[in-house]
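Colleague: Please put the model up, and I will ask about its local geometry, its packing and its strands.

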Amino acid sequence: MSDEESGWHLTESDPGVFTELLKSLGVPYIVDDLYSLDPDSLAALQPIHALVFLFKWLPTSGSEPDPASGAHFDPDFPGFFAQQVVNNACATLAVMNALGNIPSLPCGQPLQELFSFTTGMDAQTRGMVITSSDWLREAHNALSPPSAISLDGLGLPKTSEDAYHFIVYMPAMGCVYEFDGLKSHPIRHGAYEEKGEGWIAKAREAVEARIATYPPGSLEFSLLALRDDPIPSLQSRLKELQEAGRGNDAEAAELIVRLSNENSKRERWAFENALRRHNHLGLIHALLVALAKAGSLEPARDAARRKMEERVARRKEVGMDLDEE
Amino acid sequence: MASATILAFKAGRAFRREGTNFVDHSPEKGAIILQKGEDELLHFVWKNRSTNDAEEDLILFPGDASFVKIPQVTGGRSYVLKFSSSNQRHFFWMQDASTARDDEFVKNLNLVLEDPDRIPVWQAGGAGSSQGQASTSQAGSSSQSAAAPSGTTPEQLAQIRSLVQSMSGNTAQNEPELSLTDILTPETLLPLFRSHPDLVSSLFPHLPPDLPTPPSQETLQQIISSPQFRGAVRNLDQALRTGLLGGLVRGLGLPEEAGTGVEAFLRAIQEQAGRGDRMETD
């Protein structure tokens, strides 16, 4: 099914977008950017439920699991795995593959029902059921610009920005699994030890092995962590300390700093999400009219023409003009 | 792969119909890209422009391949990549809306196929494309019917044909002359906010209603610099180039003509601003 027919909008893959989606699913977790896989950075974010590896290009060749590393397809995986059926839904599909394998997941009724309904289905059918779920699609679309200004259906060429790929790494049934919606089955990377870092150590190996298969600097990728929302526990610990008269302790001070950081981050996410949902046409029009009234529109237009000429001339040096701006 | 692109142009593939001498054009939008790979070899790549996948990647040896027009195919824009070392044949058709550069692309392609160290020679462009742009803004305001006035020359017919195609979004337009993204920049807007402080609060009703904190001048500055706002400007720019926004712009109090292109949109706004109260300028 094409992206246009499916009704699924393309969304950004930002921690703020993911976290808002989780909220609308009734799941009290957040998604955070991971800047490092080192043990200390990850320990600070525990409990982590899943790692999401995200990169900006579709793989051109199939990357089969490397048997030498102990990884192989698991066609008999009894947990939740859905195949990607619609490209634009890839972010939500990855979230579903992660949430579907978290035992005793706290979530809202609709999600609970969706998981029950898809029990026992094969990966492709599950993918189609998820894609046909109206309420899920609406929750997903809620974070993209309103349709009035959407370009779906105008037949414009897609830019390379649209090609995202998500892979989820998480523990299930004692093993670390890799869920890739473009593959036919989950990939089992093998058992992990409970002690120390637990499953994270094994997942780190798998992620680093994957990163190593790409030439350095040739891909843009990010890592995200699906984790418990830290704010409630930070707040309750702080309250404990304050009630015990230790509100001026070093530990309390550190908690205050961490809470403040978390709250700023949420405020930034709320700001960005408000912008994502908003139809900016009115603002754009008002700005252009203001420029015109101030007599600045003509000069801006001339400057824009010159910029375009320079751009076209630069592109012609390689002989192509593929509308990639 | 860190390879260097030598040249590239829009082209689709075509395939021979089994058992015949007919070649059918595949409608997928693509590009032929000639690259020098990390392996130091010459790669002839066909990339699908919709999926961004490189679906063909041929390694070519100098002097082995040539890109030749197939005269029997109507339209005159079909070519075959053939080899002296084998019977392999790959068929392509030019997809750039304008034919003006076909010969130039093919000539340079063959130059490099012959000797990968040759440097392609490009004419300074522009003459053909600015003509195309002028007819875009004129024809945009007239109806979209296919009937051409009598006495239309073949060149005008070709322009109208490519215009209709671009209006239905099938092929990319000729070179745009300017983009809204270059007008609504912080460089242009911040001075405007400074010189017209009343403007800032008059814009608050156009901001998202669910911002986490009440809007301020700083909020406005953050918003116009944000990727979401810039993306919206880019979207509007692209949508205007399809010429199909007549209905949408009426909601802004603009005439339908304003929805036919970026220049038309700006002209209509200039007029709309002139009709309203003049703001004080410095």
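Colleague: In which loop is the place of N52(B)?

Modeller: This is a predicted model, in which local features need pLDDT of at least 70, side-chain atom pairs count only at pLDDT 80 or more, and totals for chains, interfaces and linings use all residues. Residues are numbered from 1 along each chain as its sequence is written, chains are lettered from A and ligands numbered from 1 in the order in which they are written, and side-chain values use heavy atoms, with hydrogens and water left out. Helices (H or I, at least four residues) and strands (E, at least two) are DSSP runs, numbered from the N terminus. On that numbering, N52(B) belongs to the loop of chain B between β4 (42–48) and β5 (54–60).

Colleague: Which residue of chain A has a positive phi, and why does M173(A) count as buried or exposed?

Modeller: M173(A), a residue other than glycine, has phi near 50 degrees. M173(A) is in the loop between β4 (165–172) and β5 (175–180) of chain A. Because its relative accessibility is 57%, M173(A) counts as exposed.

Colleague: What is omega for the peptide bond from Q46(A) to P47(A)?

Modeller: P47(A) is placed in the loop between α3 (39–43) and β2 (48–55) of chain A. The bond from Q46(A) to P47(A) is cis, and its omega is near -5 degrees.

Colleague: Which residues is C90(A) in contact with, leaving aside its neighbours within four places in sequence?

Modeller: C90(A) lies in helix α4 (residues 90–99) of chain A and is buried because its relative accessible area is 6%. Its C-alpha atom and that of F166(A), 76 residues apart along the chain, are separated by 7.1 Å. With contact meaning heavy atoms within 4.5 Å, the partners of C90(A) beyond four places in sequence are Q84(A), Y164(A) and F166(A).

Colleague: Which residues does N141(A) contact, leaving aside neighbours within four places in sequence?

Modeller: N141(A) is part of helix α7 (residues 134–141) of chain A. With a relative accessibility of 13%, N141(A) counts as buried. Leaving aside neighbours within four places in sequence, N141(A) is in contact with G7(A), W8(A) and H9(A).

Colleague: Which residues form one aromatic cluster in chain B?

Modeller: Rings of Phe, Tyr and Trp (its six-membered ring) pair if their centres lie within 6.5 Å; planes under 30 degrees apart count as stacked, over 60 as edge-to-face and the rest as tilted. The whole structure has 13 such pairs over all chains. One of them, F53(A) with F55(A), is tilted, at 5.1 Å centre to centre and 55 degrees between the planes. The cluster in chain B is formed by F9(B), F44(B), F67(B), Y79(B), F92(B) and F105(B).

Colleague: How far is the charged end of R13(B) from the ring centre of W46(B)?

Modeller: A charge sits over a ring if NZ of Lys or CZ of Arg is within 6 Å of the ring centre and within 35 degrees of the ring normal. R126(A) lies over the face of F80(A), at 5.0 Å from the ring centre. For R13(B) over W46(B), the distance is 4.0 Å.

Colleague: Which residue in β8(B) is the bridge partner of S78(B)?

Modeller: Two strands pair if DSSP finds at least two bridges between them. Strand β7 (residues 78–83) of chain B runs antiparallel to β8(B), with five bridges, and a hairpin through five residues joins β7(B) to β8(B). In β8(B), S78(B) is bridged to W93(B).

How values were computed:
Buried means under 20% relative accessible area, exposed over 50%, partly exposed in between (1.4 Å probe, protein chains only).
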